[in-house]
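Reader: Hello! Could you walk me through this structure, one question at a time?

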Amino acid sequence: MTTRESAIARIDDYLSSGGFVEELGRMVAYETESQVPEKRPELLRYLMEEMVPKIEVLGFTHRILDNPLVAGVPFLFAERIEDPFFETVLVYGHGDVIRAQTAQWREGLHPFRLVVEGDRIYGRGTADNKGQHCINIAALRTVLAERGHLGFNCKIVIEMGEECGSPGLAELFRENSALFAADTLIASDGPRLHPERPTLFMGSRGAVNFDLLVDLREGAHHSGNWGGLLKDPAIVLAHAIATVVDRRGQIQVPEWRPDSLTPIVREALADCPVGGYDGPTVDLDWGEEALTPSERVFGWNSFAVLAQTSGVPEAPVNAISARASAHCQLRYVVGTDPDDILPALRRHLDRHGFSEVEVVPADRGFFRATRLNPDHPWVTRVKESILATTGKKPAVLPNLAGSLPNETFAEILGLPTVWVPHSYPGCSQHAPNEHALLSMSKEALELMTGLFWDIGKRG
């Protein structure tokens with residue numbers, strides 16, 4: 001007799017027998033760096049050679065979809081329709097990875113070769129995102145093998161350009177909304193709140209990048225002859241930035257202060273303390289003073305200066321520079337008007353007498369902020385299933401602190417979105433020595449198998 005427990009035992013055998021490491025090793029070996037144009041052929045090869053055979057044996061039909069905007073950055077769509085009256089779950093992952101940074105990995109490691117050391121599985125994509133969609137597809141495979149059917153309809157989309165900002169994904173969904181129609185999105189990306197605590201999030205903060213530029217004159221001028229006579233653009237820019245946030249990083253632009261930190265969001269975040277994991281110590285005296293650290297990162301906006309230059313930093317000379325610039329970013333939550341972020345900054349700088357500071361939008365577009373209420377029925381179903389599998393009360397975050405293309409699912413397809421991440425904050429995502437944890441992968445395999453089993457009970 002097939003049972004939920006026997007399905008979870010089956011997925012444990014897959015891990016203990018080495019099946020998970022072997023499968024993930026094949027996936028990591030594809031050098032799918034979407035930000036490197038000459039690696040574009042690897043993107044299609046990953047889909048055709050690795051993903052298509054994986055899903056064909058599960059009884060899914062599939063097709064490769066061209067990107068409406070960027071050639072060579074394809075999508076894979078697959079579906080298994082068991083009964084038109086069943087619920088339909090859309091599953092998402094991305095097979096592209098960030099730049100390899102090969103020379104910066106420590107001795108004995110290579111970004112495209114899987115290495116297991118103790119509890120850590122090293123390789124580019126182990127955390128972001130090959131390891132995460134490997135887990136979810138393995139869970140679907142396990143439920144099918146144990147039950148003989150899923151008990152729900154399932155659609156899968158794998159994109160190959162997430163690390164470039166998901167170009168074409170929104171257009172693909174707009175042009176093919178019926179193809180991707182579903183009852184919910186259940187996907188995995190990003191980190192858990194803590195390594196040992198299962199986590200849900202239902203959206204993400206948005207992000208807007210831009211440059212602040214002060215360009216005062218042609219060329220630099222000797223600081224002895226002209227110091228005290230010429231404006232220093234770096235000082236002008238520093239004072240302009242000091243009007244955007246105060247000395248503890250509290251946002252001073254009125255339109256950048258959201259009104260969406262509702263009681264239900266604060267209640268959810270009260271159960272989600274941050275810090276205490278492998279990473280830097282949280283600066284408790286930084287950010288919005290009236291908020292808890294969790295509210296600052298998940299429920300509020302944050303401004304950062306990502307890079308700043310004036311003169312020649314690597315070889316300073318005695319001269320008043322002509323130009324200073326800062327590359328800045330606002331991470332923002334629902335409740336902030338994305339179309340007014342940069343106009344509001346322009347108005348703010350003008351009010352404070354900094355008309356000479358230009359606001360230059362970044363070339364790259366970013367994802368918009370989304371959020372699903374923590375008491376949504378799909379959130380409750382996923383939360384109860386994870387509790388039944390692990391015995392742990394999962395952390396429920398209204399949104400991820402980082403950014404994802406969640407608005408394409410939530411706004412274009414109109415889906416409730418529930419993300420179940422299988423990584424953790426110390427995984428070195430987007431950095432050398434990226435890794436996943438075997439212990440966390442075991443728990444993730446079990447809870448996703450239990451979740452897909454429970455969804456199928458209705459069928």
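Predicted model: local features only at pLDDT ≥ 70, side-chain atom pairs only at ≥ 80, totals over all residues.

Reader: Over which ring does the charged end of Arg 141 sit?

Author: The distance from the charged end to the ring centre is 5.4 Å, and a charge has to be within 6 Å to count. The ring under Arg 141 is that of Tyr 14.

Reader: How many residues apart in sequence are the parts tied together by Phe 201 and Trp 419?

Author: These two rings form a stacked aromatic pair, 5.9 Å centre to centre and with 5 degrees between the planes. Phe 201 is buried, and Trp 419 is buried too. Phe 201 belongs to strand E8 (residues 199-201) and Trp 419 to strand E16 (residues 417-419), so the parts that the pair ties together are apart in sequence by 218 residues.

Reader: Which residues form one aromatic cluster with Phe 201 and Trp 419?

Author: The count of aromatic pairs comes to 13. Besides Phe 201 and Trp 419, the cluster holds Phe 77, Tyr 92, Phe 173, Phe 180 and Phe 409.

Reader: Is Ser 166 buried or exposed?

Author: Ser 166 is in the loop between strand E6 (153-159) and helix H5 (169-175). Its phi is positive, about 55 degrees, although Ser 166 is not a glycine. Its relative accessible area is 9%, and the cut-off is under 20%, so Ser 166 is buried.

Reader: What span should helix H13 have, at 1.5 Å a residue?

Author: Helix H13 (residues 438-456) is mostly covered, with 16 of its 19 residues buried. The end C-alpha atoms of H13 are 27 Å apart. That agrees with the expectation, because at 1.5 Å a residue the 19 residues should span 27 Å.

Technical notes: Residues numbered from 1 in each chain as written. Heavy atoms only, no water. Helix = DSSP H or I, 4+ residues; strand = E, 2+ residues; numbered from the N terminus. Expected span 1.5 Å × (residues − 1). Buried < 20%, exposed > 50% of the residue type's maximum accessible area, 1.4 Å probe, protein only. Phe/Tyr/Trp six-rings, centres within 6.5 Å; stacked < 30°, edge-to-face > 60°. Lys NZ or Arg CZ within 6 Å of the ring centre and 35° of its normal.
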